[in-house]
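Student: I'd like to learn how to read a few features of a helical structure. Could we go through one together?

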Amino acid sequence: MATAETAHHEHHDHHPTGLMRWVTTTNHKDIGTLYLLFSLLMFMVGGAMAMVIRAELFQPGLQIVDPHFFNQMTTMHALVMIFGAIMPGFVGFANWMLPLMIGAPDMALPRLNNWSFWILPFGFAMLLGSLFTAGGGPAGGWTLYAPLSIQGGMSVDMTIFAVHMLGVSSVLGAINVIVTIFNMRAPGMDLLKMPLFVWTWLITAFLLIAVMPVLAGAVTMLLTDRHFGTAFFDPAGGGDPVLFQHIFWFFGHPEVYILILPAFGILSEIIPTFARKPLFGYVSMVLAVAGIAFLSFIVWAHHMFTVGMPLVGELFFMYSTMLIAIPTGVKIFNWVATMWRGSLTFETPMLFAVSVVFLFTIGGLSGLMLAITPADFQYHDTYFVVAHFHYVLFSGAIMAMMGGAYYWLPKWTGHMYDERLGKWHFWTTAIFFNITFFPQHFLGLAGMPRRIPDYALQFTEFNVISSIGAFGLGISQILFVYVVYKCIQGGERATQEVWDNPRGLEWTLPSPPPYHTFETPPVIK
């Protein structure tokens, strides 16, 4: 027995080094790092595609790329940014921070964790590889609407297969998150004592498990329509292309909340730290996240007001969509209330967090405009929609991730990042972002359709401004890569309490507040 025991220990003392360490790792921190670096790589790839789009739109006429390739770029840019940059980025945050925040030694299913990650590079090899097939990549838009996606060559099949792989990765990651949070909390950590980032991820994980199979069903039906003689979406065979839209958006609407809820969690960690007081209204924040998640399932057809729905359907989707503004407003109110009369300092993470609260609200308000059915008939499929969702996804999800990266980089690397360069990155990003996307609201209101490589002359000026902003935004992300690289390489050692904090709030503590009656100021130990 003793020999078996010693052999077991000897086996465990051997840790792979070099490349094999990263390929075989089951450590949540290593896997979190892999996810984050992969997300950063995909962010740059998706950004390069956006540069192609904005270069073509810099002036009217067709000058730089073939219109068909332009459509491939709009399709791929979205798929890469959503499934390659935002979702894996948030999973990286979850892997790194969840075990630390709930006092767990690792994620519950470490081998599954490794597999969840390694599916991604192969899925994206297949997705990006579709660009090199005979007919070029998928060109039906990121929504893959039938009948556009029933046409097209092998690239559409590769895209469908890639979407399946990315969906499998997401579902496995979500299962891991749920099991970890439910089974591995430290003694005494009740659900209502968990940091808000943990709460947002728990709810996001349930959303993922609920909707990824719906997307898988939609693209499988596309595949059988393309190759096996079914007619789910073909009117000639008794099908209906609008059915695809219903199935797609039943996935697609909860998906946009999957892309933003973890960002809300990150904000709820950063803002209390730099306001130096506990998060205002912790329980209402948890309830608001749960309310947003629930409502996200009953609003899908607000993407489809123009398909010829019955009036009662349009009214239902209009009112239910407006309802989501309430819990979202609660969250924004609570973040502002947390900052109210706090001892604020504006290090890079806080700059990102405050700008997200402000800019995400613009995206929320333009979303409320799009929810108004008769108005949406005018806005639908114009650049107003493009402006709206970039205010939600870039200045919401991506800038929250950047803030979170600056916030936790000292914890992840043991080094402080360069604060001066971090602030430069923030200001260039925030300014160029608004130069890029604010004019697109006006383009959309004036009637410029989205997904077109050429446009009428009256749209020229705003497109010039937008393209200049886009190139500024793209270049300023190279600075971000440099800041991260420099921080990993070395720099000032991070102290035990990185963020100067006279009251001693720890890194991960701020969201659940200590109990008090508000008669006397709370004592934070």
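Predicted model: local features only at pLDDT ≥ 70, side-chain atom pairs only at ≥ 80, totals over all residues.

Student: What should I look for at the two ends of H14?

Tutor: At the start, a side-chain oxygen of Thr382 comes to within 3.1 Å of the backbone nitrogen of Phe384. After the helix comes Gly414, which has a positive phi, near 80 degrees.

Student: Is H14 largely enclosed by the rest of the structure or largely open?

Tutor: Count the buried residues: 28 of the 31 in H14 are buried, so the helix is largely enclosed.

Student: How many salt bridges does the whole structure have, and how do I read one?

Tutor: A search finds six. For each, look at where the partners sit in the sequence. Asp157 and Arg226 pair at 2.8 Å, N to O; Asp157 belongs to helix H6 and Arg226 to helix H7, 69 residues apart. Both Asp157 and Arg226 are buried.

Student: Which partner does Lys423 have?

Tutor: Lys423 bridges to Glu419, with the closest N and O atoms 3.2 Å apart. Here is the general idea: an α-helix has 3.6 residues a turn, so residues three or four places apart point the same way. In this case, Lys423 and Glu419 are four residues apart in helix H15, about one helical turn. Lys423 is partly exposed, with a relative accessible area of 29%, and Glu419 is partly exposed at 23%.

Terms used: Residues numbered from 1 in each chain as written. Heavy atoms only, no water. Buried < 20%, exposed > 50% of the residue type's maximum accessible area, 1.4 Å probe, protein only. Polar contact = N/O pair within 3.5 Å; in protein donor to acceptor, adjacent residues only side chain to side chain. Salt bridge = Lys/Arg side-chain N within 4 Å of Asp/Glu carboxyl O.
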